[in-house]
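Student: Could we go through this protein together, one question at a time?
Tutor: Gladly, have a look at it here.

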Amino acid sequence: MPQTPPGPLRTDEQPTRPMPMAPPADTPPDPPGPRWTSLARPVLLPVAVAVAIGAIFIGVYLSAFHAPVARDLPVAVVGGAAQTATVREELAGSPSGTFEVRAAPDTGSARAAVETGEVFAAYVPGERSARLLFAGAHGPAVSTLVTDEFGDVARAGGLTLTTTDVVPASAQDTRGLAVFYTTFGLVLAGYLFGIMSWQLAPGLSPGRRLVGLAAFGGAGGLAVASVVGAFGALPAPFAGVAALVGLVALAVGASTMLLVRALGVLGSSAAAVLFMTIGNATSGGSLPAEFLPGWLEPFSRLLPVGVGVRAVNGLAYFDGDGVATGVVVLALWAAAGVGGLLLVERSRARRTAARTG
């Protein structure tokens, strides 16, 4: 019987596809579950960063405050070289290097040195009694230290000690923390602003982003000065407080923006360590920088927190001590943050243009 030749393939019929070849027997199968590299960034990196920040926080704060001892705390002694040497010898019983003893020619110059923050206290010995001039605005830790130590010096010389607080802290600031909170409030706000600026508006142009930074600094300074003035806790002019803390806000905000833009999530962590941990610990808000260990003390003169605290404290109590230096250092931080941010944006724009062009 003749066979009918096959007709054309209908559209509803599909050709039979060859079965895929099985892998060779010696090829191991892919391991089940996610690969190690897929775990590293989303799972392990946050763990490592968070643990590192916690360890740094604990290490810095324990170094600064577990057993604080003053180093080279400047004090004045009224009298000649012999009198100064005697007091220096009497103070030798305190921990090594606690005081830096200076000679003052008379009581007036010694008092002026205390009032301007040049020295923390001045000892004025007499025939039967002695006077200690100190500045309570430096905080209770300093007041207790100098009155105790110079009380021992007076007793060793058979003298009765009379203490005089020539620069007392505000009566509305019984714990001496108003300067720290006035400054640190905008350090925290500047850190948050620098992060939120990218989170809420990642595509914002650099020009508008800098307008927002300027508005934050101005509004923050005015707000903090208003709150502090309402409490009456800081005897400083409104405009001066607003300008100084506004500069602190600009310095921290601009620097945080740069770090986040350049390093991403790691940049926010770096800003937290720099400003919130090291900056807070070395600010001098609770203890002057002279109480910090040697490796931490330089940060108080370099980071915006410590520079701002000294400037605000000088504005309020010590005849402007530290204000000029604070303005310069804070302005440099702000300029470096803005300039670095503009350079990063320009570099990225060039790379983008090169890829698309």
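Student: Is Glu 100 buried, partly exposed or exposed?
Tutor: Before we start, this is a predicted model, in which local features need pLDDT of at least 70 and side-chain atom pairs count only at pLDDT 80 or more, while totals for chains, interfaces and linings use all residues. Residues are numbered from 1 along each chain as its sequence is written, and side-chain values use heavy atoms, with hydrogens and water left out. Buried means under 20% relative accessible area, exposed means over 50%, and partly exposed is in between (1.4 Å probe, protein chains only). Glu 100 has a relative accessible area of 33%, so the word for Glu 100 is partly exposed.

Student: Which residues are linked with Arg 102 in a network of salt bridges?
Tutor: A salt bridge is a side-chain nitrogen of Lys or Arg within 4 Å of a carboxyl oxygen of Asp or Glu. Arg 102 forms one with Glu 100, where the closest N and O atoms are 3.0 Å apart, and another with Glu 118, where they are 3.8 Å apart. The second pair links distant parts of the chain, 16 residues apart, with Arg 102 in strand S2 and Glu 118 in the loop between helix H3 (107–115) and S3. The network partners of Arg 102 are therefore Glu 100 and Glu 118.

Student: How many residues apart in sequence are the parts that Arg 261 and Glu 345 tie together?
Tutor: These two form a salt bridge with the closest N and O atoms 2.9 Å apart. Arg 261 lies in helix H7 (residues 238–263) and Glu 345 in helix H11 (residues 323–356), so the separation is 84 residues.

Student: In what order do the five strands form the open sheet?
Tutor: Helices (H or I, at least four residues) and strands (E, at least two) are DSSP runs, numbered from the N terminus. Two strands pair if DSSP finds at least two bridges between them. In this sheet the pairing is mixed, and the order is S2-S1-S3-S4-S5.

Student: Which strands stand at the edges, and why is one side of each left without a neighbour?
Tutor: Each edge strand has a single partner strand, so one side is left without a neighbour in the sheet. The edge strands are S2 (99–104) and S5 (160–165).

Student: What is the bridge partner of Val 75 in S3?
Tutor: Strand S1 (residues 73–78) and strand S3 (residues 121–125) run parallel and are joined by three bridges. In S3, Val 75 has as its bridge partner Ala 121.

Student: At about what angle to S4 does helix H4 run?
Tutor: Axes are lines fitted to C-alpha atoms, for helices over the stretch in contact (heavy atoms within 4.5 Å), and angles run from 0 to 180 degrees between N-to-C directions. Helix H4 (residues 140–156) lies across S1, S2, S3, strand S4 (129–134) and S5. Its angle to S4 is about 165 degrees.

Student: How many helices does the protein chain have?
Tutor: Buried residues make up 40% of the 357 residues in this chain. Besides its five strands, the chain has helices numbering eleven.
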